[in-house]
Amino acid sequence: LLSEELNRLTRSERKLSQVEYKRVLDAHSAGVLTLIRAQGSSRPVLERLLALFEATQGVQRQSISLTLESRLLRMVSSFVALTSARPYRDAYTPYEAMKLLGSRAANKQEGNLDPVLYYIFARFLGVYPMGTLVVLSNNERAVVYRPSGEVPGIPLVRKLAQNEEDRGTLLDLSQSQDLTIVRSLDPKREGVHIPGYFFE
């Protein structure tokens with residue numbers, strides 16, 4: 001994933017400058033994206049990416065012994081735990097959970113989530129996962145119905161109902177050039193019952 005020059009940087013004993021560190025991170029991100037676009041996200045590709053990532057982490061990293069399934073399960077269970085209510089806190093919204101998982105994946109401390117797996121997870125789930133209450137650029141509110149519509153990565157949303165009989169119009173944001181998601185909202189604070197937009 002890295003050029004010969006950047007490989008030398010990562011293997012040197014000295015501490016990298018902020019500029020050098022950013023160059024390495026940018027090169028990793030670009031390389032991961034290129035591999036996924038070229039070869040998809042099949043198991044062999046994921047395993048190769050994880051092996052490449054761990055090779056840059058030094059001999060102290062222990063997660064090399066974990067299987068791909070256990071790492072995926074850890075990512076998914078972390079997302080489910082964050083989006084579930086606990087006695088000591090309310091459930092995070094799907095969008096907030098993705099941000100928290102992203103910060104854990106970006107942190108290099110031992111035991112944190114794999115950045116490569118987080119990238120794949122976010123790519124398929126979307127930045128605004130299914131069930132996220134969002135504000136559109138025309139100030140209307142909607143619920144993300146699917147992370148991708150006709151165009152991958154651009155969600156299909158259901159507008160908020162105007163009355164009890166109305167379940168809201170489905171709208172593919174990839175087909176509406178002027179409409180984008182501006183921000184997410186907390187459905188509890190807004191008094192919106194999210195499951196009602198998916199089930200009768």
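Visitor: Of the contacts in the protein chain with a separation of 6 or more, what share comes from residues 24 or more positions apart?

Guide: Those residues account for 50% of them. Contact here means heavy atoms within 4.5 Å. Keep in mind that this is a predicted model, where local features need pLDDT of at least 70 and side-chain atom pairs count only at pLDDT 80 or more, while totals for chains, interfaces and linings use all residues. Residues are numbered from 1 along each chain as its sequence is written, and side-chain values use heavy atoms, with hydrogens and water left out.

Visitor: Fine. How many helices and strands does the protein chain have?

Guide: Seven helices and five strands. These are DSSP runs numbered from the N terminus: H or I with at least four residues for helices, E with at least two for strands. The order from the N terminus on is α-α-α-α-α-α-β-β-β-β-β-α.

Visitor: And what percentage of the 200 residues count as buried?

Guide: 37% do. Buried means under 20% relative accessible area, exposed means over 50%, and partly exposed is in between, with a 1.4 Å probe and protein chains only. The chain exposes about 12,600 Å², 54% of it supplied by carbon and sulfur atoms; those areas come from the Shrake-Rupley method with a 1.4 Å probe, and for residues only the protein chains shown count as cover.

Visitor: Switching to rings: how many aromatic pairs does a search of the whole structure find?

Guide: Two. One is Phe 79 with Phe 121, edge-to-face, at 5.7 Å centre to centre and 70 degrees between the planes. Phe 79 belongs to helix α4 (residues 68-82) and Phe 121 to helix α6 (residues 115-125), so this pair links parts of the chain 42 residues apart. As for the criteria, rings of Phe, Tyr and Trp (its six-membered ring) pair if their centres lie within 6.5 Å; planes under 30 degrees apart count as stacked, over 60 as edge-to-face and the rest as tilted.

Visitor: Why does Phe 79 count as buried?

Guide: Because its relative accessibility is 13%. Phe 121 counts as buried too, at 16%.

Visitor: Then why is the pair of Tyr 95 and Tyr 128 stacked?

Guide: Because the ring centres are 4.7 Å apart and the planes are at 15 degrees. Tyr 95 sits in helix α5 (residues 94-106), and Tyr 128 is in the loop between α6 and β1 (133-136), 33 residues apart. Both Tyr 95 and Tyr 128 are buried.

Visitor: What else is in the loop between α6 and β1?

Guide: Thr 132 has its place there. Thr 132 counts as buried because its relative accessibility is 0%. Its side chain reaches the backbone oxygen of Pro 129 at 2.7 Å. Beyond its neighbours within four places in sequence, Thr 132 is in contact with residues including Tyr 95, Val 144 and Ser 184.

Visitor: On to strands: how many bridges join β1 to β2?

Guide: Three, and these strands run antiparallel, with β2 covering residues 141-146. Two strands pair if DSSP finds at least two bridges between them. Val 135 has Arg 141 in β2 as its bridge partner. Strand β3 (residues 156-159) pairs with β2 over four bridges, also antiparallel, and Val 144 is bridged to Val 157 in β3.

Visitor: How many residues lie between β1 and β2 in the hairpin?

Guide: Four, with Asn 139 in the turn. Asn 139 has a positive phi of about 75 degrees although it is not a glycine.

Visitor: Is Asn 139 buried or exposed?

Guide: Exposed, with a relative accessible area of 65%.

Definitions and conventions
A polar contact is a pair of N or O atoms within 3.5 Å; within protein, one must be able to donate a hydrogen and the other to accept it, and residues adjacent in sequence count only if both atoms are side-chain atoms.
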